[in-house]
Amino acid sequence: MSLFENSLFENLMVGEYAGEGDLIQLITDEEDEQQGKEAFGEEIPILSVRNTVLFPGVVIPITVGRQRSIKLVKKAQKGDKMIGVCAQINPNTDDPGWEDIYQVGTLAKIIKMIVLPDGNTTIIIQGKKRFAVREQVTDDPYFIAKVDYLEENFPKSSKKITALEESLKEAATRIMHLNPEIPREAQVALDNIDNTPFLTHFLSSNINASVEAKQKLLEINDGVERATLLLELMMKDIQMLELKSEIQKKVHTDIDQQQRDYFLRQQMKVLQTELGEEGPEKEVEDLRARGAKKNWPAEVAKHFDKELDKILRINPSAAEYPIALNYAETMVELPWNELTQDNFDLKNAKKILDSDHFGLEKVKERIIEYLAVLKLKNDLKGPILCLYGPPGVGKTSLGKSIAAALGRKYIRMSLGGLHDEAEIRGHRKTYVGAMPGKIIQNMKKVKISNPVFVLDEIDKLSSDFRGDPSSAFLEVLDPEQNFAFLDNYLEVDYDLSKVLFIATANSLDTIQPALRDRMEIIEVTGYTQEEKVEIAKRHLVPKQRKEHGLKATQVRFDKASLIKLIEDYTRESGVRNLERAIGKVIRNVAKSIAMEEEYDSKITPNAVRKILGSEIFDKESYQDNSVAGVVTGLAWTSVGGEILFIESSLSRGKGKLTLSGQLGDVMKESAMTALSYLKSKAEILGIDHRVFDQYDLHIHIPAGAVPKDGPSAGITMLTAMASVYTQRKIKSKIAMTGEISLIGKVMPVGGIKEKILAAKRAGIKEIILCKKNIRDIEEIDEQYIKGVEFHFVDRVEEVLDIALLKNKVDKPLQFTFHAENGK
């Protein structure tokens, strides 16, 4: 209850119920003295009231509801209208006893009694004099007690009383200013009070304090002490009101700003409606309607609705608004469980693969097997396919053919040079310019949850201080985890388990072992010359002809011209450079047609040489073994198989070994192993042991700018050393590959098919391999090895017997030696 909530002005208004028709006047000093001399009854009825303490001189209304209280009031109304009013200690007690009421109260006079329709009775009373209960007479039918009346102990006039009175009025005035709910007329009533006891009673009745505090004021007999405690309570109230006013002022300022923004937004909304534009609320409602149509999990729907509710609470002009809106739009644009129907007609799939790719029979057979499992199981939880092979053999286009065979949409994501993990997992949306990762971006672009997703060049992933993308792919490519892929931007799990991931790679060495373990490797090998001719006829020439706007009658390639392009102008496992060469020839024809020049529509080998110039690759240079110490080896590179020459020469010196041609550590170790073996077997091979100490050996592998490494050249370097030390030439058109041990054992190596294709391109007729590589030869189609003789060996001696000719060169190198120990 605030101060003056029942102000004197309001109390005076009840005077119209006083019966006499006169307003109740303020008590003057004379009236106070006369009231003090008035004789009141010693035995009076006691009325207990809740949450109210009545002070002398104060007029208040009280609603009476208890039966004993109604009996008391009606009895008093018929008599002298005098009752005693005591406050109830516990307001929640419905039927109080003597122990439940305070023993000090105020004698009151009933001014008016009103019976309400609901049966309750309201009385308007005015306090007359304080009393203390001396004896409890009875509690039936209501409380009756014998009382002693308490006198007001106020000094007549003193500086202290004057100061207290002024302080009380100033405090009351301050409270009225701080509390706008108090009417202004209360100040007029306050100014008209010049009776110190009544001023104290009036303020005590209206002070914002508890019943206990007001009761304590009522019980104090000393007027100065009572006024001092009242002033203390009023000062606490002032402090509370000042703090409340300060808080309200701050809140009011914030509310004013919010109201201003609200009204401006409402005006903008009206203007946008008049102009036919959509406002922020319309955008949010549209998103909510689109979200209701999504077939997403319940937790995602709940998260989405929560984000929309958050958007509605953001000021559209705030920086966070477009961020939150973009996030909601990204969520609703993603394909949640939106699937296309798979076409599991495997005959049709095989037909599509055969029409798109010539050759690659093993690869296509493996893909058909994979699709057959999908058809029977209808579940993609299995190894991820990784098509591995040299560039230009059709790995990426195989992924596109698989998508066409299944009737799925196709996505390709290039991973070459990707080194930021956030490119896969996305950025948190709290960052400036945040966006989802490329996986989610591509899913949003394709609008389907089960596309064929080609991860191109997965072996080209790199890592730096921004993270390791290959580690992020561990979750993407794991069927046991990717059903709940978590993008940092999206913040909710997204199901990738229905996506058919196909990775491509040129090399397996650079793929993280854990990532490689999640993929099933399908090797896509290079093409033979015959396959390249067929690919050029069926695919490359028609494609280039179409791209250059020519008809089939305007340019035709015969088989000889295609063979010349393959042998003399390209050196690769795939057909990418062959396609470029065909494109150059067709552009020359297109130029002649455009300039209306005469030309021959049939492309011949001579026409190829005239258009493309001299041959780039000289086939004959790969067969030059006419000098002792030169051996042809076979190597595997990222672009397919290659042949390489190992050259060795001797010069007078101190037995120093020199290696050149930018060799790696493994090749250097192979050379040292081969030399150590030759020294240990010098007598058997017919080599004078002094040559190792008095002649320097230099081994060189041409194309010095190209780094070379690996164990495949072990037997090749040993054969070159044996050839130069024994001065026996190498058999013509023979090549070899294999690793050696220090005890002369030949060990198997990889990349056999690519090496065989390289040997066939160079015209090699014989190839020496380790016996354990027989299993690799058995897996190769017969057309790849047709025309090549294979020698499978287990020891180095077998290699030398096959590769070294019996006769020496026409003019053998003459070894001269220094005398040993003066002999």
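Two strands are taken to pair where DSSP finds at least two bridges between them. On this basis the predicted model contains an open sheet of five strands, arranged in the order β8-β9-β12-β7-β13 and paired in parallel fashion. The edges of the sheet are formed by β8 (410–414) and β13 (519–523), each of which has a single partner strand, so that one side of each is left without a neighbour in the sheet. From one strand to the next, the twist averages 25°. Within the sheet, strand β9 (residues 452–456) runs parallel to strand β12 (residues 500–505), to which it is joined by four bridges, and V452 stands opposite L500 in β12.

Helix α14 (395–406) is placed across this sheet, where it lies over β7 (384–388), β8, β9 and β12 and runs at about 165° to β12. At least two residues of the lining are supplied by each of α14, α19 (529–547) and α21 (576–594). Divided by class, the lining of the second largest pocket comprises eight nonpolar residues, nine polar residues and nine charged residues.

Side chains of opposite charge can pair when their charged atoms come close. In the present model, 35 salt bridges are found, one of which is formed by E42 and R134, with the closest N and O atoms 2.2 Å apart. This pair links distant parts of the chain, since E42 is in the loop between α2 (29–37) and β1 (43–49), whereas R134 belongs to strand β5 (residues 121–138), the two residues being 92 residues apart.

The peptide bond that joins D140 and P141 is cis, with an omega of about 10°, and P141 is located in the loop between β5 and β6 (143–149). At E491, a residue other than glycine, phi takes a positive value near 70°; E491 is likewise found in a loop, in this case the one between β10 (485–486) and β11 (493–494).

Terms used: Residues are numbered from 1 along each chain as its sequence is written. This is a predicted model: local features need pLDDT of at least 70, side-chain atom pairs count only at pLDDT 80 or more; totals for chains, interfaces and linings use all residues. Side-chain values use heavy atoms; hydrogens and water are left out. Ala, Val, Leu, Ile, Met, Phe, Trp, Tyr, Cys and Pro count as nonpolar, Asp, Glu, Lys and Arg as charged, and the others, Gly among them, as polar. Axes are lines fitted to C-alpha atoms, for helices over the stretch in contact, and angles run from 0 to 180 degrees between N-to-C directions. Contact means heavy atoms within 4.5 Å. A salt bridge is a side-chain nitrogen of Lys or Arg within 4 Å of a carboxyl oxygen of Asp or Glu.
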